Amino acid sequence: MSILKQIKTVLWSLIGIGRRQDMEDIPERGSPIVLLLVALVLVLVLVGTLAFVAHTVAG
């Protein structure tokens, strides 16, 4: 189980682009718990980046 494959899977899912075959292979790529944790971390990074940019522009 490669963490880079997990990150790639989550990123493709976040933007909603992917082939049907790739979507069918998601359960084989790893544990759903790991995918959820990777997704949570990536969403927190995204929200943190947006908050930082907003704070920088406003102040």
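Residues are numbered from 1 along each chain as its sequence is written. In this predicted model, local features need pLDDT of at least 70 and side-chain atom pairs count only at pLDDT 80 or more, while totals for chains, interfaces and linings use all residues; side-chain values use heavy atoms, with hydrogens and water left out.

**Overall fold**

The chain has four helices and zero strands. Its pattern along the sequence is α-α-α-α. Helices are DSSP runs of H or I with at least four residues, strands are runs of E with at least two, and both are numbered from the N terminus. Of the 59 residues, 12% count as buried. Buried means under 20% relative accessible area, exposed means over 50%, and partly exposed lies in between (1.4 Å probe, protein chains only). The accessible surface is about 4900 Å². Carbon and sulfur atoms hold 72% of that surface. Areas come from the Shrake-Rupley method with a 1.4 Å probe; for residues, only the protein chains shown count as cover.

**Helix α1**

A side-chain oxygen of serine 2 comes to within 3.3 Å of the backbone nitrogen of leucine 4, at the start of α1. A polar contact is a pair of N or O atoms within 3.5 Å; within protein, one must be able to donate a hydrogen and the other to accept it, and residues adjacent in sequence count only if both atoms are side-chain atoms. Glycine 16 follows α1 and has a positive phi, near 75°.

α1 has 13 residues and spans 19 Å from first to last C-alpha, close to the 18 Å expected at 1.5 Å a residue. The expected span is 1.5 Å times one less than the number of residues. Gln6, Thr9 and Val10 are the buried residues of α1. They lie on the same side of α1, because they cover an arc of only 95° around the axis. The arc is that of the directions from the helix axis to the C-beta atoms. Leu4, Lys5, Lys8 and Ile15 are exposed on the other side.

| Residue | Relative accessibility | Class |
|---|---|---|
| Threonine 9 | 5% | buried |
| Leucine 11 | 42% | partly exposed |

Threonine 9 and alanine 39 are 30 residues apart in sequence, yet 9.4 Å apart in space, C-alpha to C-alpha.

**Nonpolar patch**

Leu11, Trp12, Leu14, Ile15, Ile17, Val43 and Val47 make a nonpolar surface patch of about 640 Å². α1 supplies the largest share, four residues. α1 and α4 (32–58) each supply at least two.

Terms used: Patches are made of residues with over 30% relative accessible area and no salt bridge: like charges are joined within 9 Å, nonpolar side chains (Val, Leu, Ile, Met, Phe, Trp, Tyr) within 5 Å. A salt bridge is a side-chain nitrogen of Lys or Arg within 4 Å of a carboxyl oxygen of Asp or Glu.
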